[in-house]
Amino acid sequence: MQRATAPSRSRFREFFAIALRYWRGEARWRAWGLTAAVLTFVAAQTAAAYAMNTWNRWFFDALDKRDAAAVWATVTWLPFLVAASTLCISALVVSRMLLQVRWREHLTHTLAGWWIADQRYYRLGFLSKIKSAPEYRIAEDVRLAIEPLVEMAIGLISAFVTAATFAAVLWQVAGSAQFTIGGTTFVIPFYMALAAMIYAAVASLGAYATGHPLVRRVAHKNEMEAQFRAEMTRLRENAESIALIRGDADELAAVGKSYGRVVRSWLRIVRQQGLIALVLNTNGALFPVVPLLLITPKYLSGEVTLGAVMQVVAAFSAVQAALIWFVDNFVRLAEWFASVTRVDELVEELQGLDIGLLMEGETQIKMEDGEGDSIRIDNLSVAHTNGRIVIADATVAIGPGEKVLVTGESGSGKSTLIRALAGLWPWGAGSITVPRGRSIAFLPQRPYMPKGTLRSVLLYPATEEKVEDETIRAALERVGLQHLAPRVGATDDWDRILSGGERQRIAFARLLIQKPDIIVMDEATSALDEDSQNALMKMFEDELAYATIISVGHRPGLEDFHDRKILLERRPAGAHLTSRRIGKSLWRLFRTRDAANEDGEPAR
């Protein structure tokens with residue numbers, strides 16, 4: 001099933017469409033307050049810089065006149081100006097960092113909430129075209145998209161205010177330039193400000209011409225870095241399987257090949273950075289010289305004082321630095337836009353997922369709450385995301401307390417059927433009706449072990465529920481984990497230290513504690529030996545006899561713990577579902593008799 005996507009997309013516009021919601025959402029008053037604080041301190045910082053510029057002129061004029069009294073009178077103002085400037089800069093830093101933290105918090109909550117809600121994090125794994133982990137884009141690329149953006153926005157606003165302020169200083173102090181050619185006198189008003197603007201324009205054009213390809217190359221570099229991290233993560237997650245089959249050499253080659261792409265992308269950036277460095281270093285060499293050359297004729301003619309020269313040079317430098325903001329920040333802009341692109345790619349994937357489900361709503365599997373006691377599957381067709389039918393026109397009813405085993409050859413759709421029952425797989429048609437108000441537990445082949453205490457692991461996801469320690473210890477003992485009973489309150493990395501079989505036993509212990517009405521299992525005993533499997537499955541004849549069971553499994557011994565068997569037979573148009581009752585085997589009758597004799601009761 002193909003999702004509809006927009007024919008073209010502006011990464012810049014789409015990113016700001018979601019990022020700027022911070023100023024319109026629930027936290028808008030905080031957002032506007034922080035924005036006002038930042039703008040206020042930007043203005044205050046510019047005022048402090050103007051005051052220092054004026055002080056600079058006073059000081060050098062006093063030096064030029066060799067007026068000691070005026071020099072010391074000017075110096076007495078310096079501590080006050082330095083203190084005011086320091087306070088303004090410090091306040092701007094604090095308000096800027098607060099805005100960065102709060103804006104990132106808002107965008108992170110928006111994207112993380114969107115990604116996690118309605119199992120999108122699961123469904124996106126089947127549909128996403130992006131290869132790198134969405135969690136990295138939320139955790140890292142959001143930071144790299146927000147923090148530099150705030151700094152560059154403040155820098156741009158400050159540059160505009162500084163340029164306007166000190167352009168006025170240049171106009172007022174340097175005045176106009178006059179020169180005569182062929183008996184004709186030409187006058188250039190505010191020539192220093194005009195020269196600063198022309199100089200900045202030339203420098204900016206040079207930076208753009210050499211730096212424009214950097215945007216694409218930085219984005220490619222970031223993608224290669226993300227793929228390299230994903231390759232290393234895949235190696236770590238499959239470490240045991242790779243070690244057992246001695247796949248070290250192949251994995252080393254794959255990692256080396258992936259890192260080779262990172263190196264090549266970096267080398268392209270290095271070459272481009274070299275060209276940009278030529279422009280920046282040329283600008284750095286000319287930066288202090290140009291204003292001196294332009295004001296020297298006026299100083300030699302006596303039109304301006306030494307203090308005025310120093311003020312003009314400082315003001316020219318301020319205007320020029322403000323106007324070449326683009327030059328100084330081109331590399332940061334490229335890095336920032338690359339992160340913006342990665343964030344918007346995730347947004348695009350989430351939007352595409354939602355739009356696809358809306359467009360397919362008429363043919364989507366419908367999950368409904370029913371008033372009866374049975375689980376009903378009506379005319380269910382389950383499809384892959386590419387539209388291929390996996391299960392075709394399945395209809396079955398599962399009564400309360402019934403134990404149903406789902407079997408079939410590999411690829412017939414057993415696990416996909418379980419996902420559909422869990423509401424994780426919407427692709428297909430038909431309906432699944434579950435009795436209203438009944439609690440459901442799902443046992444996957446590899447149960448999830450959250451970080452925290454063993455108690456929280458056993459109570460997950462209802463970790464705050466009040467359960468007596470004796471109940472938890474009894475559950476652990478029942479599933480053969482009595483050695484863990486003393487560690488109920490201990491915190492550890494349980495997913496790492498527990499074996500596959502112990503994790504599956506933990507999942508059964510959860511059933512004893514939480515006592516769900518409906519239990520859906522997918523190869524939930526695959527890591528256990530047959531005796532351990534039988535001991536745990538017997539729970540469905542004793543403690544959990546009331547529960548409705550739907551389980552996927554291959555072992556023949558599982559049939560002894562079920563009343564009915566659903567077989568999925570692969571066919572070209574989709575697997576066909578058949579159902580039959582399971583009679584009690586002689587082995588099961590003898591086992592029941594032996595268990596009763598062990599309890600001191602005659603077998604019935």
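Me: Why does Lys414 count as buried?

Reply: Lys414 has a relative accessibility of 8%. Buried means under 20% relative accessible area, exposed means over 50%, and partly exposed is anything in between, with a 1.4 Å probe and protein chains only, so at 8% Lys414 counts as buried. Please keep in mind that this is a predicted model, where local features need pLDDT of at least 70 and side-chain atom pairs count only at pLDDT 80 or more, while totals for chains, interfaces and linings use all residues. Residues are numbered from 1 along each chain as its sequence is written, and side-chain values use heavy atoms, with hydrogens and water left out.

Me: Where is Lys414 found, and what does Lys414 touch?

Reply: Lys414 is found in helix α14 (residues 414-421); helices here are DSSP runs of H or I with at least four residues, strands are runs of E with at least two, and both are numbered from the N terminus. Setting aside residues up to four places away in sequence, Lys414 touches Val406, Thr407, Gly408, Glu409, Val552, His554 and Leu568, where contact means heavy atoms within 4.5 Å. Lys414 and Ile566 are 152 residues apart along the chain, yet their C-alpha atoms are separated by 9.9 Å.

Me: Why is Tyr460 called partly exposed?

Reply: Tyr460 has a relative accessible area of 33%, and therefore Tyr460 is partly exposed. Tyr460 lies in the loop between α15 (454-459) and α16 (469-478). Beyond its neighbours within four places in sequence, Tyr460 is in contact with Tyr448, Pro450, Arg510 and Gln514.

Me: What makes α2 roughly antiparallel to α4?

Reply: The axes of α2 (residues 28-64) and α4 (residues 78-116) cross at roughly 155° and come within 8 Å. Angles over 145 degrees count as roughly antiparallel, under 35 as roughly parallel, 65 to 115 as roughly perpendicular, and the rest as oblique, which means that α2 is roughly antiparallel to α4. The contact of α2 with α4 has 18 nonpolar, three polar and four charged residues by class.

Me: Then why is α1 roughly perpendicular to α4?

Reply: Helix α1 (residues 11-19) packs against α4 at an angle of about 100°, with the axes 10 Å apart. That angle makes α1 roughly perpendicular to α4. Phe15, Ile18 and Ala19 in α1 meet Trp103, His106, Leu107, Thr110, Leu111 and Trp114 in α4.

Me: Why is the aromatic pair of Phe508 and Phe540 called tilted?

Reply: The ring centres of Phe508 and Phe540 are 6.0 Å apart, with 40° between the planes. Rings of Phe, Tyr and Trp (its six-membered ring) pair if their centres lie within 6.5 Å; planes under 30 degrees apart count as stacked, over 60 as edge-to-face and the rest as tilted, so the pair of Phe508 and Phe540 is tilted. The pair links distant parts of the chain, with Phe508 in helix α18 (residues 500-514) and Phe540 in the loop between α19 (530-537) and β12 (548-552), 32 residues apart. Both Phe508 and Phe540 are buried.

Me: How many aromatic pairs does the structure hold, and which residues do ring pairs link into a cluster?

Reply: The structure holds 11 aromatic pairs. Ring pairs join Phe12, Phe15, Phe16 and Trp336 into a cluster.

Me: How many helices and strands are there in the protein, and what percentage of its residues is buried?

Reply: There are 20 helices and 14 strands, and buried residues make up 43% of the 604 residues.

Notes: Axes fitted to C-alpha atoms, helices over the stretch in contact; angles between N-to-C directions. Nonpolar A, V, L, I, M, F, W, Y, C, P; charged D, E, K, R; others polar.
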